[in-house]
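Subject: Structure handover

Hello,

Here is the structure I promised to pass on. Please open it first, then read my notes below.

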Amino acid sequence: MLNKITVVGAGNVGATTAQRLAEKELAKSVVLVDVIEGVPQGKGLDQWESAPIEGFDTRIVGANDYKPAAESELVVVTAGIARKPGMSRDDLVRTNAEIVKQVATELKRACPSAIVVVVSNPLDVMCWVTKQVTGFARERVIGMAGVLDTARYRAFLAEALDVSVEDIQAMVLGGHGDTMVPLISFTTVSGIPVTQLLDRGRLDQIVERTRNGGAEIVAYLKTGSAYYAPSAAVVQMVESIARDKKRILPCAAWLEGEFGLSGMYAGVPCKLGRKGLEQIVQVELSTGELAALQQSAEAVKQTMALVKL
Ligand SMILES: NC(=O)c1ccc[n+]([C@@H]2O[C@H](COP(=O)([O-])OP(=O)(O)OC[C@H]3O[C@@H](n4cnc5c(N)ncnc54)[C@H](O)[C@@H]3O)[C@@H](O)[C@H]2O)c1
């Protein structure tokens, strides 16, 4: 168990993440920070009052400044605006870059040793903003996207095959956007290649639905974007770090030559442990998958060019 985890942004993703972290007792305390007066305090108190019922001892407190967040070992950044119908994740870039810059400046001062898990969109670019502003090593700035995209892919496959989600192993790589790369060749159902169970046409439909998974929910909600599955995905990453589980999960990592890519964040298989990003696992991809990953990384670079640091 860690001593303290801070979640910046007490909106849908941030607040749900805080509750899930506390329910799993991944830290002694969880601090929720948001700019809106009263919201992190109110949500934090409400969540703490669920502790006697749910049976957790993690204290949750809310604040509008970073004093209570001081010396957090782990920080989740969810501050920023979410998508509205018709918007792409990249449409958020200028607004969220300013917000994330401000948050990263505070974190550098308040939590200089923290591992940061970034969630704000456009994800890969916000990870870069965080890394640049904090000056933290790449081991300590990791982005959440692939775990969520993979969960959506696994859920759709489980539905199509009428099998347990637990038996579906898969990995979605690349940027968190329309160019994400679900790896059909690495998708198995209890070890059985998925291509033996579903025809290519059906698989392609599922891949397409996965790529549009976020937009599908935005279209239903109209006033916000997904947060139940995203917060669950964040907590899976945090758990691997806090408990030093060394899980291999698809996360956004700063690339320094892996997969022939450098100078951008993209989703790749990462080993997460107590030191943060402990290894990027360089799996062998087919020519088509590698080209798709490179195209996805190129799209991230184009969005990075819209941000001035
Ligand atoms: N990476 C992913 O897979 C993924 C998934 C879901 C959502 N997201 C992104 O996460 C972000 C949050 O989504 P949400 O649904 O929780 O949005 P939300 O609007 O419900 O919450 C965002 C919160 O950030 C706060 N905020 C704004 N500026 C701040 C600042 N400077 N400091 C602290 N807090 C600040 C707002 O007051 C608000 O409470 C969005 O950018 C969304 O696109 C990413």
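How do the residues of the lining of the second largest pocket divide into nonpolar, polar and charged? There are 15 nonpolar, three polar and six charged residues in that lining. Please keep in mind throughout that this is a predicted model.

**Second largest pocket**

I start with the rest of this site. The second largest pocket has a volume of about 580 Å³. Its lining comprises 24 residues. Nearest the centre are Val-147, Arg-154, Gln-236, Arg-247 and Leu-249. Four elements each supply at least two lining residues: helix 6 (146-161), strand 7 (168-169), helix 9 (228-242) and strand 12 (247-256). Helix 9 gives the most to this lining, with six residues.

**Largest pocket**

Now the largest pocket. This is the space that the ligand takes. The volume is about 880 Å³. It is lined by 43 residues, and the closest to the centre are Thr-78, Ala-79, Gly-80, Ile-81 and Ala-82. By class, the lining of the largest pocket has 21 nonpolar, 16 polar and six charged residues.

Helix 1 (12-23), helix 2 (39-48), helix 4 (93-110), helix 6 and helix 8 (213-221) each supply at least two residues of this lining. Helix 4 gives the most, with four residues.

**Ligand**

Next, the ligand itself. There are 28 residues around the ligand. Those that come nearest are Val-13, Asp-34, Ile-81, Gln-102 and Met-144.

The shell around the ligand has 17 nonpolar residues, ten polar ones and one charged one. Helix 1 and helix 4 each supply at least two residues of this shell. Helix 4 gives the most here, with four residues. Helix 4 also gives the most to the lining of the largest pocket.

- Asn-96: a polar side-chain atom lies 3.3 Å from an oxygen atom of the ligand.
- Val-119: a backbone N or O atom lies 3.0 Å from a nitrogen atom of the ligand.
- Asn-121: an N or O atom in the side chain is 2.9 Å from an oxygen atom of the ligand.

How much of the ligand does the protein bury? Taken alone, the ligand exposes 860 Å², and the protein buries 88% of that.

**Cavity**

The count of cavities of 30 Å³ or more comes to one. The space in the largest cavity is about 30 Å³. Its lining is formed by Ala-145, Gly-146, Asp-149, Val-172, Leu-173, Gly-174, Gly-175, His-176, Met-180 and Gly-267. By class, that lining has four nonpolar, five polar and one charged residues. Helix 6 and strand 8 (172-173) each supply at least two of its residues. Helix 6 also supplies at least two residues to the lining of the largest pocket, and at least two to the lining of the second largest pocket.

**Backbone**

Two places in the backbone deserve a look. Most residues other than glycine have a negative phi, and most peptide bonds are trans.

Which residues does a cis peptide bond join? It joins Asn-121 and Pro-122, with omega at about -10°. Asn-121 is also the residue whose side chain has an N or O atom 2.9 Å from an oxygen atom of the ligand. Pro-122 is found in the loop between strand 5 (115-118) and helix 5 (123-134).

The other place is Glu-71. This residue is not a glycine, yet its phi is positive, at about 65°. Glu-71 sits in the loop between strand 3 (59-63) and strand 4 (74-77).

Over to you.

Best wishes

How values were computed
Residues are numbered from 1 along each chain as its sequence is written. This is a predicted model: local features need pLDDT of at least 70, side-chain atom pairs count only at pLDDT 80 or more; totals for chains, interfaces and linings use all residues. Side-chain values use heavy atoms; hydrogens and water are left out. A residue is near a molecule or strand if one of its heavy atoms lies within 4 Å of it. A polar contact is a pair of N or O atoms within 3.5 Å; within protein, one must be able to donate a hydrogen and the other to accept it, and residues adjacent in sequence count only if both atoms are side-chain atoms. Accessible areas come from the Shrake-Rupley method with a 1.4 Å probe; for residues, only the protein chains shown count as cover. On a 1 Å grid over the protein atoms alone, a cavity is a set of points where a 1.4 Å probe fits but cannot get out, and a pocket is an open set with protein on both sides within 12 Å along at least five of seven lines; lining residues have an atom within 4 Å of a point. A molecule sits in a cavity or pocket if more than half of its atoms lie within 2 Å of its grid points. Ala, Val, Leu, Ile, Met, Phe, Trp, Tyr, Cys and Pro count as nonpolar, Asp, Glu, Lys and Arg as charged, and the others, Gly among them, as polar. Grid points are joined across faces, edges and corners, and a volume is the space filled by probe spheres set on the points.
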